[in-house]
Amino acid sequence: MISHATWRKMWMTALGWAASLVVAFPVFWMVLTSFKTETEAISRVPHLLFAPTLGNYRAIGAQARYLRFAWNSVVVAMGSTLLALLFAVPSAYSMAFHPTRRTRGTLLWMLSTKMMPPVGALVPVYLIFRDTGLLDTRTGLVVVDALANLPIVVWMLYTFFKDVPREVLEAGRMDGASALREIVDLLMPLSLPGIASTSLLAVILAWNEAFWSLTLTAAKAAPLTAFIASFSSPEGLFYAKLSAASTMAIAPILILGWASQKQLVRGLTFGAVK
Amino acid sequence: MSTTQTSAGRRSRASGLPGAGNAGFYANLPSIGVLLLWSVVPLGMTLWFCFRRYNLMAPERNGFDGLGNFRYLLSDPGLGMAVWNTVLLLGAVLVITVGLGTLLAVLFDQEFFGRGLARVLLLAPFFVMPTVSALLWKDMMLQPDNGVLAFLWRSFGFRPVDWFGRLPLLSIIVIVSWQWLPFAVLTLLTAVQSLDAERIEAARMDGAGPIALFRYILWPHLGRAVSATVMIETIFLLGVFAEIYVTTAGGPGFASTNLSFLIYRYVLMEYDIGGAAVASLLAIFLANLLALFLMRSFARNLDT
(Lines give C-alpha, C1' and ligand atoms only; values in the text may rest on other atoms or scores of the structure.)
Protein backbone atom coordinates (compact mmCIF):
# COMPACT_ATOMS: atom_id res chain seq x y z
CA MET A 1 0.00 0.00 0.00
CA ILE A 2 1.51 3.29 -1.09
CA SER A 3 0.88 6.12 1.33
CA HIS A 4 -0.48 9.49 0.39
CA ALA A 5 2.87 11.14 1.10
CA THR A 6 4.72 8.77 -1.21
CA TRP A 7 2.27 9.42 -4.04
CA ARG A 8 2.72 13.10 -3.55
CA LYS A 9 6.48 12.80 -3.63
CA MET A 10 6.35 10.80 -6.85
CA TRP A 11 4.13 13.41 -8.46
CA MET A 12 6.48 16.16 -7.40
CA THR A 13 9.43 14.19 -8.74
CA ALA A 14 7.75 13.83 -12.12
CA LEU A 15 6.75 17.49 -12.28
CA GLY A 16 10.05 18.85 -11.03
CA TRP A 17 12.14 16.77 -13.39
CA ALA A 18 9.85 17.50 -16.33
CA ALA A 19 10.25 21.23 -15.71
CA SER A 20 14.01 21.18 -15.37
CA LEU A 21 14.50 18.88 -18.37
CA VAL A 22 12.38 21.15 -20.58
CA VAL A 23 14.32 24.22 -19.44
CA ALA A 24 17.73 22.58 -19.80
CA PHE A 25 16.87 20.83 -23.08
CA PRO A 26 18.27 23.47 -25.45
CA VAL A 27 21.66 23.37 -23.71
CA PHE A 28 21.64 19.58 -23.72
CA TRP A 29 20.73 19.59 -27.41
CA MET A 30 23.54 21.98 -28.23
CA VAL A 31 26.10 19.81 -26.45
CA LEU A 32 24.75 16.77 -28.31
CA THR A 33 24.92 18.61 -31.65
CA SER A 34 28.53 19.51 -31.02
CA PHE A 35 29.42 15.83 -31.34
CA LYS A 36 27.58 15.35 -34.63
CA THR A 37 28.76 15.83 -38.19
CA GLU A 38 27.43 18.88 -40.02
CA THR A 39 25.12 16.65 -42.10
CA GLU A 40 23.62 15.05 -39.02
CA ALA A 41 23.26 18.44 -37.37
CA ILE A 42 20.93 19.80 -40.07
CA SER A 43 18.89 16.62 -40.48
CA ARG A 44 15.15 17.29 -40.49
CA VAL A 45 14.59 14.32 -38.25
CA PRO A 46 16.76 14.85 -35.17
CA HIS A 47 19.43 12.22 -34.65
CA LEU A 48 19.50 10.92 -31.12
CA LEU A 49 21.73 7.96 -31.86
CA PHE A 50 24.84 8.71 -33.83
CA ALA A 51 28.55 7.99 -33.83
CA PRO A 52 29.94 10.90 -31.81
CA THR A 53 32.83 12.78 -33.34
CA LEU A 54 35.33 15.19 -31.85
CA GLY A 55 35.96 16.68 -35.29
CA ASN A 56 34.13 19.95 -34.54
CA TYR A 57 36.14 20.58 -31.42
CA ARG A 58 39.34 19.85 -33.30
CA ALA A 59 38.33 22.17 -36.11
CA ILE A 60 37.51 25.02 -33.74
CA GLY A 61 40.53 24.49 -31.53
CA ALA A 62 42.80 24.48 -34.58
CA GLN A 63 41.77 28.02 -35.48
CA ALA A 64 44.33 30.48 -34.22
CA ARG A 65 41.64 33.11 -33.86
CA TYR A 66 39.58 30.95 -31.53
CA LEU A 67 42.45 30.85 -29.07
CA ARG A 68 42.82 34.61 -29.32
CA PHE A 69 39.13 35.18 -28.61
CA ALA A 70 39.23 32.79 -25.69
CA TRP A 71 42.30 34.51 -24.28
CA ASN A 72 40.60 37.91 -24.69
CA SER A 73 37.66 36.61 -22.68
CA VAL A 74 39.95 35.39 -19.92
CA VAL A 75 41.90 38.64 -19.76
CA VAL A 76 38.81 40.85 -19.86
CA ALA A 77 36.89 38.84 -17.26
CA MET A 78 39.84 38.65 -14.86
CA GLY A 79 41.07 42.17 -15.49
CA SER A 80 37.70 43.88 -15.09
CA THR A 81 37.01 41.88 -11.93
CA LEU A 82 40.31 42.87 -10.33
CA LEU A 83 39.85 46.49 -11.32
CA ALA A 84 36.31 46.57 -9.93
CA LEU A 85 37.50 44.96 -6.67
CA LEU A 86 40.27 47.51 -6.33
CA PHE A 87 37.68 50.26 -6.18
CA ALA A 88 34.88 48.33 -4.51
CA VAL A 89 36.70 46.90 -1.49
CA PRO A 90 37.62 50.29 0.05
CA SER A 91 34.21 51.62 -0.88
CA ALA A 92 32.28 48.76 0.72
CA TYR A 93 34.58 48.89 3.75
CA SER A 94 33.87 52.57 4.16
CA MET A 95 30.12 52.18 3.98
CA ALA A 96 29.94 49.05 6.10
CA PHE A 97 32.19 50.26 8.95
CA HIS A 98 32.06 54.03 8.74
CA PRO A 99 28.45 54.67 7.81
CA THR A 100 27.22 58.24 7.63
CA ARG A 101 23.81 59.76 7.20
CA ARG A 102 24.31 59.58 3.47
CA THR A 103 25.46 55.94 3.19
CA ARG A 104 22.04 54.58 2.31
CA GLY A 105 21.53 57.29 -0.27
CA THR A 106 24.98 56.64 -1.74
CA LEU A 107 24.27 52.93 -2.06
CA LEU A 108 20.98 53.56 -3.82
CA TRP A 109 22.60 56.14 -6.09
CA MET A 110 25.29 53.62 -7.09
CA LEU A 111 22.54 51.15 -7.89
CA SER A 112 20.68 53.77 -9.90
CA THR A 113 23.68 54.23 -12.21
CA LYS A 114 22.99 50.65 -13.28
CA MET A 115 19.48 51.66 -14.30
CA MET A 116 20.85 53.57 -17.25
CA PRO A 117 20.82 51.14 -20.17
CA PRO A 118 24.35 50.67 -21.55
CA VAL A 119 23.18 51.91 -24.91
CA GLY A 120 22.52 55.31 -23.30
CA ALA A 121 26.27 55.69 -22.96
CA LEU A 122 27.17 54.13 -26.32
CA VAL A 123 27.61 57.35 -28.29
CA PRO A 124 29.93 59.11 -25.81
CA VAL A 125 31.90 55.99 -24.95
CA TYR A 126 32.32 55.10 -28.60
CA LEU A 127 33.60 58.59 -29.43
CA ILE A 128 35.91 58.78 -26.42
CA PHE A 129 37.31 55.35 -27.25
CA ARG A 130 37.81 56.33 -30.88
CA ASP A 131 39.68 59.49 -29.94
CA THR A 132 41.86 57.83 -27.30
CA GLY A 133 42.66 54.77 -29.36
CA LEU A 134 40.82 52.43 -27.00
CA LEU A 135 38.50 51.01 -29.66
CA ASP A 136 39.16 47.31 -30.16
CA THR A 137 41.56 47.04 -27.23
CA ARG A 138 41.30 44.74 -24.23
CA THR A 139 42.16 47.65 -21.94
CA GLY A 140 39.11 49.54 -23.11
CA LEU A 141 36.81 46.58 -22.55
CA VAL A 142 38.35 45.93 -19.12
CA VAL A 143 37.63 49.50 -18.05
CA VAL A 144 34.06 49.52 -19.34
CA ASP A 145 33.19 46.12 -17.84
CA ALA A 146 34.72 47.12 -14.52
CA LEU A 147 32.66 50.32 -14.44
CA ALA A 148 29.51 48.51 -15.49
CA ASN A 149 29.92 45.92 -12.74
CA LEU A 150 31.22 48.24 -10.03
CA PRO A 151 27.82 49.03 -8.44
CA ILE A 152 26.95 45.35 -8.18
CA VAL A 153 30.38 44.49 -6.77
CA VAL A 154 30.20 47.28 -4.18
CA TRP A 155 26.73 46.22 -3.09
CA MET A 156 27.59 42.57 -2.81
CA LEU A 157 30.78 43.24 -0.86
CA TYR A 158 28.86 45.64 1.36
CA THR A 159 26.34 42.97 2.35
CA PHE A 160 29.17 40.54 3.12
CA PHE A 161 31.20 43.10 5.08
CA LYS A 162 28.14 43.91 7.18
CA ASP A 163 28.32 40.35 8.49
CA VAL A 164 31.85 40.86 9.85
CA PRO A 165 31.68 41.80 13.54
CA ARG A 166 32.66 45.43 14.04
CA GLU A 167 34.50 44.59 17.24
CA VAL A 168 37.22 42.71 15.37
CA LEU A 169 38.08 45.73 13.25
CA GLU A 170 37.81 48.07 16.20
CA ALA A 171 40.23 45.91 18.16
CA GLY A 172 42.63 46.17 15.27
CA ARG A 173 42.26 49.92 15.26
CA MET A 174 43.06 50.04 18.96
CA ASP A 175 46.26 48.21 18.17
CA GLY A 176 47.14 51.01 15.80
CA ALA A 177 46.16 49.48 12.48
CA SER A 178 45.66 51.96 9.66
CA ALA A 179 42.60 51.73 7.44
CA LEU A 180 44.67 49.95 4.82
CA ARG A 181 46.00 47.43 7.35
CA GLU A 182 42.48 46.95 8.69
CA ILE A 183 41.24 46.07 5.22
CA VAL A 184 44.16 43.91 4.13
CA ASP A 185 44.99 42.13 7.40
CA LEU A 186 41.60 41.84 9.07
CA LEU A 187 38.66 42.44 6.81
CA MET A 188 39.79 40.61 3.69
CA PRO A 189 40.80 37.35 5.41
CA LEU A 190 37.60 37.40 7.46
CA SER A 191 35.35 37.90 4.48
CA LEU A 192 37.29 35.82 2.00
CA PRO A 193 34.31 33.61 1.06
CA GLY A 194 32.26 36.74 0.38
CA ILE A 195 35.02 38.31 -1.71
CA ALA A 196 35.42 35.04 -3.59
CA SER A 197 31.76 34.79 -4.53
CA THR A 198 31.64 38.47 -5.43
CA SER A 199 34.60 37.97 -7.75
CA LEU A 200 32.92 34.94 -9.22
CA LEU A 201 29.80 36.91 -10.02
CA ALA A 202 31.86 39.70 -11.58
CA VAL A 203 33.76 37.16 -13.70
CA ILE A 204 30.50 35.59 -14.85
CA LEU A 205 28.96 38.95 -15.75
CA ALA A 206 32.06 40.10 -17.63
CA TRP A 207 32.51 36.78 -19.42
CA ASN A 208 28.92 36.88 -20.66
CA GLU A 209 28.85 40.61 -21.40
CA ALA A 210 27.85 41.11 -25.01
CA PHE A 211 26.77 44.70 -25.62
CA TRP A 212 30.13 46.42 -25.17
CA SER A 213 32.00 43.51 -26.72
CA LEU A 214 29.92 43.74 -29.87
CA THR A 215 30.05 47.51 -30.18
CA LEU A 216 33.58 48.37 -29.02
CA THR A 217 35.70 45.49 -30.28
CA ALA A 218 36.48 43.96 -33.64
CA ALA A 219 39.07 41.47 -34.84
CA LYS A 220 41.76 42.22 -32.25
CA ALA A 221 40.17 42.42 -28.82
CA ALA A 222 36.87 40.60 -29.38
CA PRO A 223 36.03 38.08 -26.66
CA LEU A 224 34.08 34.86 -27.11
CA THR A 225 30.65 36.53 -26.97
CA ALA A 226 31.57 38.43 -30.15
CA PHE A 227 33.21 35.39 -31.75
CA ILE A 228 30.02 33.37 -31.33
CA ALA A 229 28.00 36.25 -32.80
CA SER A 230 30.07 35.94 -35.99
CA PHE A 231 28.33 32.60 -36.60
CA SER A 232 25.08 34.48 -37.22
CA SER A 233 26.17 35.56 -40.68
CA PRO A 234 24.70 33.46 -43.51
CA GLU A 235 28.08 32.06 -44.54
CA GLY A 236 28.71 30.83 -41.02
CA LEU A 237 25.87 28.34 -40.81
CA PHE A 238 27.79 25.41 -39.47
CA TYR A 239 25.59 24.23 -36.67
CA ALA A 240 27.84 21.48 -35.38
CA LYS A 241 30.87 23.77 -35.25
CA LEU A 242 28.79 26.54 -33.74
CA SER A 243 27.68 24.07 -31.06
CA ALA A 244 31.22 23.00 -30.32
CA ALA A 245 32.45 26.59 -30.08
CA SER A 246 29.48 27.52 -27.90
CA THR A 247 29.91 24.55 -25.61
CA MET A 248 33.54 25.49 -25.03
CA ALA A 249 32.56 29.12 -24.48
CA ILE A 250 29.94 28.40 -21.84
CA ALA A 251 31.48 25.41 -20.06
CA PRO A 252 33.72 27.33 -17.61
CA ILE A 253 30.93 29.70 -16.58
CA LEU A 254 28.39 26.91 -16.28
CA ILE A 255 30.66 25.17 -13.81
CA LEU A 256 31.54 28.34 -11.88
CA GLY A 257 27.91 29.39 -11.84
CA TRP A 258 26.60 26.09 -10.54
CA ALA A 259 29.22 26.15 -7.82
CA SER A 260 28.15 29.57 -6.62
CA GLN A 261 24.38 29.61 -7.12
CA LYS A 262 23.50 30.45 -3.51
CA GLN A 263 25.74 33.51 -3.27
CA LEU A 264 24.60 34.57 -6.70
CA VAL A 265 21.06 35.24 -5.50
CA ARG A 266 22.37 37.34 -2.70
CA GLY A 267 24.72 39.27 -4.94
CA LEU A 268 22.36 39.90 -7.80
CA THR A 269 19.52 41.00 -5.55
CA PHE A 270 21.86 43.36 -3.73
CA GLY A 271 21.45 41.51 -0.47
CA ALA A 272 17.67 41.89 -0.48
CA VAL A 273 17.25 38.11 -0.76
CA LYS A 274 19.55 35.92 1.31
CA MET B 1 24.14 57.06 12.55
CA SER B 2 26.31 59.97 11.60
CA THR B 3 27.97 59.90 14.99
CA THR B 4 29.51 56.45 14.58
CA GLN B 5 32.12 57.62 12.15
CA THR B 6 33.14 60.73 14.06
CA SER B 7 33.22 58.99 17.42
CA ALA B 8 35.42 56.25 15.99
CA GLY B 9 37.73 58.91 14.63
CA ARG B 10 37.77 60.78 17.90
CA ARG B 11 38.45 57.65 19.89
CA SER B 12 41.50 56.75 17.84
CA ARG B 13 42.78 60.30 17.97
CA ALA B 14 42.25 60.37 21.72
CA SER B 15 44.36 57.26 22.15
CA GLY B 16 47.03 58.80 19.97
CA LEU B 17 46.76 56.16 17.28
CA PRO B 18 46.55 56.71 13.55
CA GLY B 19 42.85 57.37 12.99
CA ALA B 20 41.09 55.08 10.61
CA GLY B 21 37.95 57.19 10.95
CA ASN B 22 38.64 59.71 8.21
CA ALA B 23 40.51 57.29 6.03
CA GLY B 24 37.50 55.02 6.36
CA PHE B 25 35.29 57.77 5.04
CA TYR B 26 37.59 58.74 2.19
CA ALA B 27 37.89 55.12 1.07
CA ASN B 28 34.51 55.53 -0.55
CA LEU B 29 35.53 58.43 -2.75
CA PRO B 30 37.33 56.64 -5.61
CA SER B 31 34.25 54.55 -6.40
CA ILE B 32 31.96 57.53 -6.10
CA GLY B 33 34.28 59.51 -8.34
CA VAL B 34 34.52 57.00 -11.17
CA LEU B 35 30.80 56.24 -11.04
CA LEU B 36 30.04 59.94 -11.15
CA LEU B 37 32.28 60.29 -14.21
CA TRP B 38 30.73 57.19 -15.75
CA SER B 39 27.22 58.59 -15.38
CA VAL B 40 27.73 62.33 -15.79
CA VAL B 41 30.22 62.57 -18.66
CA PRO B 42 28.21 60.41 -21.09
CA LEU B 43 25.02 62.24 -20.13
CA GLY B 44 26.61 65.63 -20.69
CA MET B 45 28.05 64.59 -24.04
CA THR B 46 24.71 63.11 -25.08
CA LEU B 47 22.94 66.36 -24.24
CA TRP B 48 25.54 68.29 -26.27
CA PHE B 49 25.24 66.05 -29.32
CA CYS B 50 21.44 66.26 -29.23
CA PHE B 51 21.66 69.76 -30.64
CA ARG B 52 24.54 69.15 -33.04
CA ARG B 53 24.54 68.04 -36.63
CA TYR B 54 27.19 65.34 -36.51
CA ASN B 55 27.61 62.43 -38.86
CA LEU B 56 30.81 60.41 -38.63
CA MET B 57 30.78 59.95 -42.39
CA ALA B 58 30.65 63.72 -42.98
CA PRO B 59 32.47 65.26 -40.03
CA GLU B 60 33.00 68.57 -41.82
CA ARG B 61 29.26 69.28 -41.69
CA ASN B 62 29.48 69.52 -37.91
CA GLY B 63 27.53 72.38 -36.31
CA PHE B 64 24.64 73.58 -34.21
CA ASP B 65 21.39 72.12 -35.48
CA GLY B 66 18.73 73.39 -33.07
CA LEU B 67 15.98 70.83 -32.77
CA GLY B 68 16.85 69.18 -36.09
CA ASN B 69 17.80 65.89 -34.49
CA PHE B 70 14.59 65.82 -32.48
CA ARG B 71 12.52 66.44 -35.60
CA TYR B 72 14.45 63.79 -37.49
CA LEU B 73 13.98 61.22 -34.76
CA LEU B 74 10.28 61.95 -34.35
CA SER B 75 9.79 61.45 -38.07
CA ASP B 76 11.55 58.07 -37.93
CA PRO B 77 8.88 55.37 -38.25
CA GLY B 78 11.14 53.10 -36.23
CA LEU B 79 10.98 55.19 -33.08
CA GLY B 80 7.42 54.41 -32.00
CA MET B 81 7.96 50.73 -32.74
CA ALA B 82 11.21 50.71 -30.81
CA VAL B 83 9.67 52.23 -27.69
CA TRP B 84 6.67 49.92 -27.90
CA ASN B 85 8.88 46.86 -28.45
CA THR B 86 11.11 47.82 -25.51
CA VAL B 87 8.11 48.09 -23.19
CA LEU B 88 6.46 44.95 -24.56
CA LEU B 89 9.64 42.91 -24.23
CA LEU B 90 10.14 44.10 -20.67
CA GLY B 91 6.53 43.52 -19.62
CA ALA B 92 6.18 40.12 -21.25
CA VAL B 93 9.44 38.75 -19.90
CA LEU B 94 8.68 40.04 -16.39
CA VAL B 95 5.23 38.44 -16.36
CA ILE B 96 6.50 35.14 -17.75
CA THR B 97 9.56 34.83 -15.52
CA VAL B 98 7.93 35.97 -12.27
CA GLY B 99 4.76 33.96 -12.96
CA LEU B 100 6.46 30.72 -13.97
CA GLY B 101 9.22 31.43 -11.48
CA THR B 102 6.78 31.51 -8.57
CA LEU B 103 5.18 28.22 -9.65
CA LEU B 104 8.56 26.55 -10.06
CA ALA B 105 9.81 27.98 -6.77
CA VAL B 106 6.87 26.40 -4.94
CA LEU B 107 7.46 23.14 -6.82
CA PHE B 108 11.16 23.07 -5.98
CA ASP B 109 10.38 23.80 -2.36
CA GLN B 110 8.74 20.34 -2.15
CA GLU B 111 10.77 17.28 -1.33
CA PHE B 112 11.38 15.05 -4.32
CA PHE B 113 13.87 12.56 -5.66
CA GLY B 114 16.97 14.13 -7.18
CA ARG B 115 15.84 17.66 -6.41
CA GLY B 116 19.38 19.03 -6.12
CA LEU B 117 20.37 17.79 -9.55
CA ALA B 118 17.09 18.92 -11.11
CA ARG B 119 17.64 22.38 -9.69
CA VAL B 120 21.15 22.56 -11.10
CA LEU B 121 19.80 21.68 -14.55
CA LEU B 122 17.05 24.27 -14.23
CA LEU B 123 19.63 26.99 -13.64
CA ALA B 124 21.70 26.26 -16.75
CA PRO B 125 20.25 28.91 -19.10
CA PHE B 126 21.24 31.75 -16.79
CA PHE B 127 24.93 31.04 -17.25
CA VAL B 128 24.80 30.79 -21.03
CA MET B 129 26.16 33.90 -22.72
CA PRO B 130 23.49 35.86 -24.64
CA THR B 131 24.99 35.33 -28.08
CA VAL B 132 25.10 31.58 -27.51
CA SER B 133 21.54 31.35 -26.25
CA ALA B 134 20.26 33.47 -29.12
CA LEU B 135 21.98 31.38 -31.80
CA LEU B 136 21.08 28.18 -30.02
CA TRP B 137 17.40 29.08 -30.25
CA LYS B 138 17.67 30.49 -33.75
CA ASP B 139 19.60 27.63 -35.37
CA MET B 140 18.62 24.61 -33.34
CA MET B 141 15.27 25.18 -31.66
CA LEU B 142 13.18 27.58 -33.75
CA GLN B 143 14.79 27.05 -37.17
CA PRO B 144 11.82 26.35 -39.50
CA ASP B 145 13.44 23.48 -41.49
CA ASN B 146 15.53 21.44 -39.13
CA GLY B 147 14.82 22.95 -35.73
CA VAL B 148 13.55 20.81 -32.88
CA LEU B 149 10.24 22.69 -32.69
CA ALA B 150 9.72 22.28 -36.44
CA PHE B 151 10.19 18.53 -35.96
CA LEU B 152 7.66 18.50 -33.12
CA TRP B 153 5.18 20.54 -35.15
CA ARG B 154 5.52 18.15 -38.11
CA SER B 155 5.17 15.10 -35.87
CA PHE B 156 1.81 16.41 -34.73
CA GLY B 157 0.76 17.20 -38.28
CA PHE B 158 1.17 20.97 -38.12
CA ARG B 159 3.15 23.17 -40.47
CA PRO B 160 6.37 24.42 -38.91
CA VAL B 161 6.32 28.11 -38.01
CA ASP B 162 8.84 30.58 -39.38
CA TRP B 163 9.36 32.04 -35.91
CA PHE B 164 11.79 34.84 -36.61
CA GLY B 165 10.11 35.81 -39.89
CA ARG B 166 6.51 35.82 -38.70
CA LEU B 167 6.75 36.36 -34.94
CA PRO B 168 10.11 38.08 -34.42
CA LEU B 169 9.36 39.85 -31.16
CA LEU B 170 7.69 36.79 -29.67
CA SER B 171 10.78 34.76 -30.57
CA ILE B 172 13.00 37.28 -28.80
CA ILE B 173 10.65 37.20 -25.79
CA VAL B 174 10.95 33.39 -25.68
CA ILE B 175 14.75 33.54 -25.75
CA VAL B 176 15.05 36.27 -23.12
CA SER B 177 12.46 34.64 -20.84
CA TRP B 178 14.36 31.38 -21.08
CA GLN B 179 17.54 33.18 -20.00
CA TRP B 180 15.92 34.94 -17.04
CA LEU B 181 13.56 32.25 -15.74
CA PRO B 182 16.32 30.55 -13.71
CA PHE B 183 17.20 33.80 -11.97
CA ALA B 184 13.56 34.36 -10.98
CA VAL B 185 13.25 30.76 -9.75
CA LEU B 186 16.46 30.98 -7.74
CA THR B 187 15.52 34.27 -6.07
CA LEU B 188 11.93 33.30 -5.36
CA LEU B 189 12.95 29.83 -4.18
CA THR B 190 15.33 31.37 -1.66
CA ALA B 191 12.42 33.47 -0.41
CA VAL B 192 9.95 30.56 -0.34
CA GLN B 193 12.39 28.49 1.70
CA SER B 194 12.64 31.20 4.32
CA LEU B 195 8.89 30.98 4.93
CA ASP B 196 8.04 29.62 8.32
CA ALA B 197 6.52 26.15 7.85
CA GLU B 198 4.53 26.53 11.06
CA ARG B 199 2.64 29.51 9.70
CA ILE B 200 1.47 27.46 6.74
CA GLU B 201 0.54 24.58 9.03
CA ALA B 202 -1.42 26.92 11.29
CA ALA B 203 -3.27 28.46 8.36
CA ARG B 204 -4.04 25.00 7.01
CA MET B 205 -5.44 24.03 10.42
CA ASP B 206 -7.69 27.04 10.20
CA GLY B 207 -9.05 25.62 6.96
CA ALA B 208 -7.16 27.71 4.38
CA GLY B 209 -7.13 26.12 0.93
CA PRO B 210 -4.14 26.26 -1.43
CA ILE B 211 -5.41 29.43 -3.12
CA ALA B 212 -5.93 31.24 0.17
CA LEU B 213 -2.52 30.06 1.36
CA PHE B 214 -0.93 31.47 -1.76
CA ARG B 215 -2.91 34.70 -1.70
CA TYR B 216 -2.59 35.60 1.96
CA ILE B 217 0.65 33.99 3.13
CA LEU B 218 3.00 33.08 0.31
CA TRP B 219 2.53 36.07 -2.02
CA PRO B 220 2.91 38.74 0.70
CA HIS B 221 5.98 36.91 1.96
CA LEU B 222 7.47 36.97 -1.54
CA GLY B 223 6.97 40.72 -1.92
CA ARG B 224 10.56 41.59 -1.24
CA ALA B 225 11.98 38.92 -3.51
CA VAL B 226 9.56 39.82 -6.30
CA SER B 227 10.47 43.50 -6.09
CA ALA B 228 14.18 42.66 -6.19
CA THR B 229 13.67 40.27 -9.12
CA VAL B 230 11.64 42.83 -11.06
CA MET B 231 14.22 45.52 -10.47
CA ILE B 232 17.24 43.47 -11.50
CA GLU B 233 15.51 42.03 -14.53
CA THR B 234 14.40 45.50 -15.59
CA ILE B 235 17.99 46.72 -15.41
CA PHE B 236 19.12 44.04 -17.81
CA LEU B 237 16.00 43.82 -19.98
CA LEU B 238 16.02 47.49 -20.94
CA GLY B 239 19.43 46.84 -22.44
CA VAL B 240 18.63 43.67 -24.39
CA PHE B 241 20.80 43.85 -27.48
CA ALA B 242 22.83 40.78 -28.39
CA GLU B 243 19.75 38.56 -28.66
CA ILE B 244 18.37 40.88 -31.35
CA TYR B 245 21.72 41.52 -33.00
CA VAL B 246 22.40 37.86 -33.79
CA THR B 247 18.86 36.76 -34.64
CA THR B 248 16.64 39.28 -36.42
CA ALA B 249 18.88 42.36 -36.60
CA GLY B 250 15.78 44.27 -35.55
CA GLY B 251 13.65 43.11 -38.46
CA PRO B 252 11.68 42.40 -40.44
CA GLY B 253 11.29 46.15 -40.80
CA PHE B 254 11.28 47.39 -37.24
CA ALA B 255 9.24 44.49 -35.90
CA SER B 256 11.86 43.47 -33.35
CA THR B 257 13.83 46.69 -32.94
CA ASN B 258 14.01 47.96 -29.37
CA LEU B 259 15.53 51.25 -28.26
CA SER B 260 18.96 49.69 -27.72
CA PHE B 261 19.03 48.33 -31.22
CA LEU B 262 17.65 51.54 -32.73
CA ILE B 263 20.46 53.55 -31.16
CA TYR B 264 23.02 50.99 -32.28
CA ARG B 265 21.68 51.41 -35.80
CA TYR B 266 22.03 55.15 -35.65
CA VAL B 267 25.60 55.02 -34.37
CA LEU B 268 27.27 52.12 -36.07
CA MET B 269 25.22 51.71 -39.23
CA GLU B 270 24.17 55.26 -40.12
CA TYR B 271 26.97 57.02 -38.21
CA ASP B 272 24.42 59.61 -37.13
CA ILE B 273 25.67 60.77 -33.73
CA GLY B 274 23.05 63.50 -33.35
CA GLY B 275 20.12 61.17 -33.98
CA ALA B 276 21.61 58.53 -31.71
CA ALA B 277 22.06 61.10 -28.94
CA VAL B 278 18.40 62.06 -28.98
CA ALA B 279 17.35 58.41 -28.98
CA SER B 280 19.75 57.78 -26.08
CA LEU B 281 18.19 60.63 -24.17
CA LEU B 282 14.82 58.99 -24.65
CA ALA B 283 16.19 55.63 -23.48
CA ILE B 284 17.72 57.25 -20.40
CA PHE B 285 14.46 59.05 -19.67
CA LEU B 286 12.46 55.83 -19.97
CA ALA B 287 14.89 53.98 -17.73
CA ASN B 288 14.80 56.68 -15.09
CA LEU B 289 11.03 56.79 -15.15
CA LEU B 290 10.95 53.08 -14.40
CA ALA B 291 13.80 53.40 -11.93
CA LEU B 292 11.85 55.96 -9.96
CA PHE B 293 9.08 53.46 -9.25
CA LEU B 294 11.27 50.41 -8.86
CA MET B 295 13.93 51.97 -6.66
CA ARG B 296 11.28 53.33 -4.36
CA SER B 297 9.66 49.96 -3.81
CA PHE B 298 13.08 48.30 -3.57
CA ALA B 299 14.40 50.83 -1.06
CA ARG B 300 11.31 50.32 1.09
CA ASN B 301 12.10 46.64 1.28
CA LEU B 302 15.71 47.19 2.20
CA ASP B 303 17.16 47.00 5.66
CA THR B 304 20.39 48.94 5.50
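1. Start with one residue. M10(A) is partly exposed, with a relative accessible area of 40%. Buried means under 20% relative accessible area, exposed means over 50%, and partly exposed lies in between, using a 1.4 Å probe and protein chains only. M10(A) sits in helix α1 of chain A, residues 4-33.

2. A word on the source. This is a predicted model, where local features need pLDDT of at least 70, side-chain atom pairs count only at pLDDT 80 or more, and totals for chains, interfaces and linings use all residues. Residues are numbered from 1 along each chain as its sequence is written, chains are lettered from A and ligands numbered from 1 in the order written, and side-chain values use heavy atoms, leaving out hydrogens and water.

3. M10(A) also belongs to a nonpolar surface patch of about 660 Å². Patches take residues with over 30% relative accessible area and no salt bridge; like charges are joined within 9 Å, and nonpolar side chains (Val, Leu, Ile, Met, Phe, Trp, Tyr) within 5 Å.

4. Chain A has 14 helices and 0 strands. Helices (H or I, at least four residues) and strands (E, at least two) are DSSP runs, numbered from the N terminus. Of its 274 residues, 58% count as buried. The C-alpha atoms fill a box of roughly 75 × 70 × 30 Å along the principal axes.

5. Chain A is divided into domain 1 (4-33) and domain 2 (63-268). These bounds come from an automatic or database domain assignment. The contact takes 4 residues from domain 1 of chain A and 6 residues from domain 2 of chain A. Contact means heavy atoms within 4.5 Å. The centres of the two domains, taken over C-alpha atoms, are 33 Å apart. Domain 1 and domain 2 of chain A bury about 390 Å² between them, 77% of it on carbon and sulfur atoms. Buried area is the accessible area (1.4 Å probe) that two parts lose on being put together, summed over both.

6. Now the two chains. Chain B and chain A bury about 9800 Å² between them, 77% of it on carbon and sulfur atoms. W38(B), F127(B) and M129(B) supply 9% of the area that chain B buries against chain A, more than any other three residues. In all, 109 residues of chain B are in contact with 113 residues of chain A. The count of salt bridges between the chains is 0. A salt bridge is a side-chain nitrogen of Lys or Arg within 4 Å of a carboxyl oxygen of Asp or Glu.

How values were computed. Areas by Shrake-Rupley, 256 points an atom, 1.4 Å probe, with all protein chains shown as cover.
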